[in-house]
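Work through the exercises below with the sequence and the 3D view open. Try each task before you read its solution.

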Amino acid sequence: MDDQTIFIHITDREGIEKAFEAPTDMGLNLMEFCRAVELPVKGECGGMAMCATCQVYVLSDHQLPEPTDDELGMLDQAFFVKNNSRLGCQIHLHQALNGLKVQLAPEIDG
């Protein structure tokens, strides 16, 4: 690992945790990264905090920016929301997130 990559631990919807090496020099957010590694994250709005199809539960104690009003508004309307829920599209990958642990929120059928 170099100073342009971090490790992220992602637990999928079946409860299987995998460690991924993620680039920090591409301006990716967590939703985009999940899609790039072919995890089942829809990201229907393209990262604009206008849907909740990239909701994750943050399991580690990493310091994240406070959610924006748009993010809070979407989470207020989403299903399966917990105290540690965040939209993956609002978590931008950078060095301070090395070791981040998240779990994908359940998906709504239909």
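**Exercise 1. Strand pairing**

Which residue in S2 is the bridge partner of His 9?

Solution. The model is a predicted one: local features need pLDDT of at least 70, side-chain atom pairs count only at pLDDT 80 or more, and totals for chains, interfaces and linings use all residues. Residues are numbered from 1 along each chain as its sequence is written, and side-chain values use heavy atoms, with hydrogens and water left out.

Step 1. Strands (E, at least two residues) and helices (H or I, at least four) are DSSP runs, numbered from the N terminus. Two strands pair if DSSP finds at least two bridges between them.

Step 2. Find the partner. In S2, His 9 is bridged to Ala 19.

Step 3. Widen the view. S1 and S2 pair in the antiparallel sense, over 7 bridges. They form a hairpin with 5 residues between them. Gly 15, in the turn, has a positive phi of about 85°.

Step 4. Turn to S5. There, the bridge partner of His 9 is Lys 101. S1 and S5 run parallel and are joined by 4 bridges.

**Exercise 2. The faces of S5**

Sort the S5 residues Leu 100, Lys 101, Val 102, Gln 103 and Leu 104 into a covered and an uncovered face.

Solution. Step 1. Recall the rule: in a regular strand the side chains alternate between the two faces of the sheet.

Step 1. Apply the sorting. Leu 100, Val 102 and Leu 104 form the covered face of S5. Lys 101 and Gln 103 form the uncovered one.

Step 2. S3 and S5 run antiparallel, joined by 3 bridges. Val 56 stands opposite Leu 104 in S5.

**Exercise 3. Two residues**

Are Thr 11 and Cys 89 buried or exposed?

Solution. Step 1. Locate them. Thr 11 lies in S1. Cys 89 is in the loop between S4 and S5.

Step 1. Read the areas. Thr 11 is buried, because its relative accessible area is 9%. Cys 89 is buried too, because its value is 1%.

Step 2. Check the surroundings. Not counting residues up to four places away in sequence, Thr 11 touches Ile 16, Glu 17, Leu 59, Val 102, Gln 103 and Leu 104. Leaving aside neighbours within four places, Cys 89 is in contact with Asn 29, Met 31, Gly 47, Met 48, Ala 49 and Cys 54.

Conventions:
Buried means under 20% relative accessible area, exposed over 50%, partly exposed in between (1.4 Å probe, protein chains only). Contact means heavy atoms within 4.5 Å.
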